[in-house]
Amino acid sequence: MTSSAPPRARGRALTGSLAALGLSIGMIMTLGAPPASAATWPTATGSQAVSSTISLSGTKDYGMIRLYGTGDLGSGSQDEDQGPILQLAAGTVLKNVIIGAPAADGIHCLGNCTLQNVWWEDVGEDAATFKGTSSSSVYTISGGGAKEASDKVFQFNGAGTLNISNFAVKNFGTFVRSCGNCKTQYKRTINLNTIETTYKGSKLVGINTNYGDSATLRGITIVGDTSKKIVPCQKYIGNNTGAEPTTNGSGPDSSYCKYSTSDITYK
């Protein structure tokens, strides 16, 4: 069932349309996700309330419908125990969807997954959480964008590699965080390529050096951060006790935060 005007927990208005890029929704779905712009957001083709988590497998193309939480998924809070709007089985490919508000805990990937042209208008607890337990798990985010994340955008709790490309993020705490205090910890690899970040923001990526995490940053554009307050790569000493992890420096190196100053452009 669809409705034309979903409730908005925090009432954010869209800040643009595909017309600004000269692209139609059909072109996006036919050609794949274009490089995202933080000021350009798609227009939903319809809206659907989600009162309980939808489980997906295989390939699902939503055709740019907006999904938003209601009932148990509709509080709009930062509760760590919220369910997700969508739960993806290992191997799922999710395409062309907008996660509106309330967004609950966004999307959970239980193993390998691909998110193509997925947009979050107003991030809830997290936009997406990656939970696969195999070191060979690969999570791929291609195109799309997220904004209004008071804490994290992407939470990497599982094992493996997270690849994010052609993505826009605006008004956030940490863009990608390797879990700092999960009960089970893993070595995690994070690759960011062609990311447009619009201030305000705190950190692009946070990794745990003591578990061998690494983050590679390429083609990063940071907009509006004239004082360079956004930390590109924050290092932590993680733990499995639930305690708040301590910081372990920041900035580029050859082992953990793999980037150079030329990989980041300020506008």
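Cys257 is buried in this predicted model, with a relative accessible area of 0%. The residue is bonded to Cys233 in a disulfide whose sulfur atoms lie 2.0 Å apart. The torsion about the S-S bond is -75°, and the link of Cys233 and Cys257 is left-handed. Distant parts of the chain are linked by this pair, since Cys233 belongs to strand E14 (residues 231-237) and Cys257 to strand E16 (residues 257-258), 24 residues apart. Cys233 is likewise buried, again with a relative accessible area of 0%. Given the limit of under 20% relative accessible area for a buried residue, Cys233 therefore counts as buried at its value of 0%.

Confidence in the model was examined next. For the protein, the mean pLDDT is 87, with 83% of residues reaching 70 or more. Residues 1-34 have a pLDDT below 50, and this stretch makes 71 contacts in the model beyond near neighbours in sequence.

A search of the whole structure finds three disulfides. When the bonded cysteines of the protein are numbered in sequence order, the pairing reads 1-2, 3-4, 5-6. Besides the link of Cys233 and Cys257, there is a disulfide between Cys109 and Cys113, with an S to S distance of 2.1 Å. The torsion about the S-S bond of Cys109 and Cys113 is about 95°, so this disulfide is right-handed.

Another disulfide is formed by Cys179 and Cys182, whose sulfur atoms are 2.1 Å apart. The link of Cys179 and Cys182 is right-handed, with 105° about the S-S bond. Cys179 counts as buried at 5% relative accessibility. Cys182, with a relative accessible area of 15%, is buried as well. The value for Cys182 is 15%, and the cut-off for a buried residue is under 20%, so Cys182 falls within the buried class.

Strand E10 (residues 160-178) was considered together with its pairing partners. The strand is mostly covered, and 15 of its 19 residues are buried. Strand E9 (residues 138-156) runs parallel to E10, and 13 bridges join the two. Within this pairing, Tyr139 stands opposite Leu162 in E10. Strand E11 (residues 188-198) also runs parallel to E10, to which it is joined by ten bridges. Here Gly160 stands opposite Arg188 in E11. E10 pairs in the parallel sense with strand E12 (residues 203-208) as well, over three bridges. Gly206 in E12 is the bridge partner of Arg177.

Most residues other than glycine have a negative phi, and most peptide bonds are trans. The peptide bond from Ala101 to Pro102 is cis, with omega near 0°. Pro102 is placed in the loop between strand E5 (92-99) and strand E6 (107-109). Ala104 lies in the loop between E5 and E6 too. Although Ala104 is not a glycine, its phi is positive, at about 50°. Ala104 counts as buried, with a relative accessibility of 1%.

Met64 is located in strand E3 (residues 59-69). At 1% relative accessibility, Met64 counts as buried.

Conventions
Residues are numbered from 1 along each chain as its sequence is written. This is a predicted model: local features need pLDDT of at least 70, side-chain atom pairs count only at pLDDT 80 or more; totals for chains, interfaces and linings use all residues. Side-chain values use heavy atoms; hydrogens and water are left out. pLDDT is the predictor's confidence in each residue, from 0 to 100. Contact means heavy atoms within 4.5 Å. Buried means under 20% relative accessible area, exposed over 50%, partly exposed in between (1.4 Å probe, protein chains only). Helices (H or I, at least four residues) and strands (E, at least two) are DSSP runs, numbered from the N terminus. Two strands pair if DSSP finds at least two bridges between them. A disulfide is a pair of cysteine sulfur atoms within 2.5 Å.
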